[in-house]
Structures are given as structure tokens and as C-alpha cells.
Amino acid sequence: MVKDGLRNVASHHVESFNYAIDKCLPRINQYMLTSEVAQPSNSDVVYPFKKMNIWFENFELKTPERAGSSTEVNKMNPYECRLRSLTYQAPLYATIARKFDNEPEEKVTICLGEVPVMVRSKYCNLYNLSEEELTKRKEDGYEFGGYFIINGNERIIRMLIMNKRNYPIAF
């Protein structure tokens with residue numbers, strides 16, 4: 001019963017992060033416009049196309065891993081980031097499409113960079129592990145997550161910030 005209470009301590013943080021990645025990240029495509037590049041009419045330079053369109057197809061966040069392939073051995077765990085003063089992060093991939101004139105569209109997937117991953121979220125390597133499995137991975141059996149590991153330090157983003165009374169705050 002105590003462990004269930006602990007898991008619910010940060011569940012709203014974890015669910016919020018999962019929602020942001022699962023629902024909000026795909027919605028970005030709806031609001032990103034297609035870029036159109038057209039050949040200038042009064043230019044001396046001859047382009048190999050008259051019109052080119054470029055747009056993003058989708059975004060995908062992977063799970064944290066060491067440099068190299070994404071095998072089980074190369075998966076990075078939060079304890080290693082704490083020990084080595086690393087950021088617990090995962091690569092964010094985007095599929096970009098382009099189309100020249102009336103030719104078929106071409107697609108390529110590229111890495112946009114690394115994004116910090118919340119501990120115990122869907123994109124964390126500790127997601128849905130039991131107490132025994134957590135202990136095997138050198139984590140606390142009652143780990144409830146809801147925070148990020150940045151440069152080896154655990155960081156929390158507070159969802160509700162209240163000012164101290166009679167204490168001026170400037171941003």
C-alpha cells in the first residue's frame with residue numbers, strides 16, 4: 001500500500017510528460033507550414049527545379065541509449081547518468097519530405113538533437129519495471145520518477161509555483 005502511494009506522488013508529472021510527447025508533439029505538424037522555394041523570374045542563375053516544397057511528416061522520440069546501436073546492452077539507465085554526470089536524454093527524430101515540381105516526393109529521417117527524458121515515463125528505460133527489475137538495474141525499488149537528470153543532478157519542474165508572501169520576484 002505504501003509503494004502504491006509513492007508511485008502516485010509524481011504520476012501527474014509523468015502523465016503530463018507522456019501526454020506532451022504522445023499527443024502534443026504530433027500536433028506540431030498541423031501548425032507547421034510547408035515551405036515553398038520557387039525559382040526567381042529575374043535571376044541569371046538557373047536552378048534544376050521550378051518549385052520545391054519542404055515539410056515535416058512526423059516526429060519520434062526514442063529511448064535513452066549510449067552511442068551506437070539500440071540493443072538491450074546499450075540502453076542507458078538513470079543510475080549511470082547520475083554516476084557519470086550525464087543528462088538522461090533520448091534522440092528526437094523527424095521525417096522530412098520534399099517534392100520537386102511534378103516528381104514524386106522524397107522522405108528522409110534525421111535526428112534533430114537530444115531531448116531530456118523524464119524518469120519512469122513511457123520513454124524511460126525503467127517504464128513498467130517491477131521492484132526486482134529496478135533493483136537489478138541498480139535503481140531504488142520504490143522509484144516513482146517524475147523528474148529529469150541533467151548533468152548527473154536530479155531536476156524537477158514544478159507545475160505550480162506560488163510566490164512567497166511579501167517577497168518580490170522578477171523574471
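Arg-82 is partly exposed, with a relative accessibility of 24%. This value, like the others here, comes from a predicted model. The side chain of Arg-82 meets that of Glu-139 in a salt bridge, at 3.1 Å from N to O. This pair links distant parts of the chain: Arg-82 sits in helix α3, while Glu-139 sits in the loop between α4 (131-136) and β5 (148-150), 57 residues apart. Glu-139 is buried, because its relative accessibility of 7% falls under the 20% cut-off. Arg-82 and Glu-139 also belong to a network of salt bridges that includes Glu-143 and Glu-154.

Side chains of opposite charge can pair when their charged atoms come close. The count of salt bridges in the model comes to ten. Three of them are listed here.

| Salt bridge | Distance, N to O |
|---|---|
| Arg-82 and Glu-139 | 3.1 Å |
| Glu-80 and Arg-66 | 2.7 Å |
| Arg-98 and Glu-106 | 2.8 Å |

Glu-80 and Arg-66 form a salt bridge. Glu-80 belongs to helix α3 (residues 78-84) and Arg-66 to the loop between β2 and α3, so their pairing ties together parts 14 residues apart in sequence. Glu-80 is buried at 9% relative accessibility, whereas Arg-66 is partly exposed at 27%.

In the pair of Arg-98 and Glu-106, Arg-98 is partly exposed with a relative accessible area of 35%. Glu-106 is also partly exposed, at 35%.

Arg-98 is also among the residues that Asn-53 touches; the others, leaving aside residues up to four places away in sequence, are Thr-34, Ser-35, Glu-36, Ala-97 and Lys-99. Asn-53 lies in strand β2 (residues 51-61) and is buried, with a relative accessible area of 17%.

How values were computed:
Residues are numbered from 1 along each chain as its sequence is written. This is a predicted model: local features need pLDDT of at least 70, side-chain atom pairs count only at pLDDT 80 or more; totals for chains, interfaces and linings use all residues. Side-chain values use heavy atoms; hydrogens and water are left out. Helices (H or I, at least four residues) and strands (E, at least two) are DSSP runs, numbered from the N terminus. Buried means under 20% relative accessible area, exposed over 50%, partly exposed in between (1.4 Å probe, protein chains only). Contact means heavy atoms within 4.5 Å. A salt bridge is a side-chain nitrogen of Lys or Arg within 4 Å of a carboxyl oxygen of Asp or Glu.
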